[in-house]
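Dear colleague,

Please find below the structure I am handing over to you, together with its sequence. My notes on its salt bridges follow.

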Amino acid sequence: MNRILQQNLHKAGHNITVEQWVVLTGLFDQDGRTPTELCDATLKDKPSITRILKNMERGGLVICMDNPEDGRSKRVFLSKKVKSAEKQLLAIAAATEKQCVEGITDEEIAQCMVVLNKILNNPR
C-alpha cells in the first residue's frame, strides 16, 4: 500500500514520501502539534520525526515555529501549499486504499485489523 500510495501521490504531482504522508495525516487531524505529539501519533521515534520534519520544512510542506507555551519546543503547522491541497491528498489516499483492498471482503479486512492490533499491542 505504501508503494502504491507514493506512486499515486507522485503521479498527481505531489513530491511526498510515505514517511512524510504519515506525519501529514497527524497534522490533518490536529495542526500545530509538537514533535513529541507527532511521535506518539505516528509511532515514530524522536530522531526519525526530527529528520522527517527537517525534510518537510525544506520541501515547503510544514512550518516549524517556536512553541509559545514552552520555549524549548516547537509546534509544527501545515504550509499553505499543503492546506490548499489537503482535499486532493486525502482523495488520493482514499482511492489508493480502495485500489489496494479490491477483492477483499469487509470481514477479511476486519480480521486483518484484529490481528494487526494484537501485534501492535504485544509487549515489546
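Is Arg-51 buried, exposed or partly exposed? In this predicted model, Arg-51 is partly exposed, with a relative accessible area of 39%. Its side chain forms a salt bridge with that of Glu-19, with an N to O distance of 3.3 Å. Because Arg-51 belongs to helix α4 (residues 46-58) and Glu-19 to helix α2 (residues 18-29), the pair ties together parts that lie 32 residues apart in sequence. Glu-19 is likewise partly exposed, at 33% relative accessible area.

The whole structure contains six salt bridges. Another of these links Lys-83 with Asp-31, whose closest N and O atoms are 3.7 Å apart. Lys-83 sits in helix α5 (residues 80-100) and Asp-31 in the loop between α2 and α3 (35-42), so this contact connects parts that are 52 residues apart in sequence. Both partners are partly exposed: Lys-83 has a relative accessible area of 46%, and Asp-31 has 29%.

A further salt bridge pairs Asp-70 with Arg-72, and here the closest N and O atoms are 3.0 Å apart. Asp-70 is partly exposed, at 25% relative accessible area, whereas Arg-72 counts as exposed, at 78%.

With kind regards

Note on methods
Residues numbered from 1 in each chain as written. Predicted model: local features only at pLDDT ≥ 70, side-chain atom pairs only at ≥ 80, totals over all residues. Heavy atoms only, no water. Salt bridge = Lys/Arg side-chain N within 4 Å of Asp/Glu carboxyl O. Helix = DSSP H or I, 4+ residues; strand = E, 2+ residues; numbered from the N terminus. Buried < 20%, exposed > 50% of the residue type's maximum accessible area, 1.4 Å probe, protein only.
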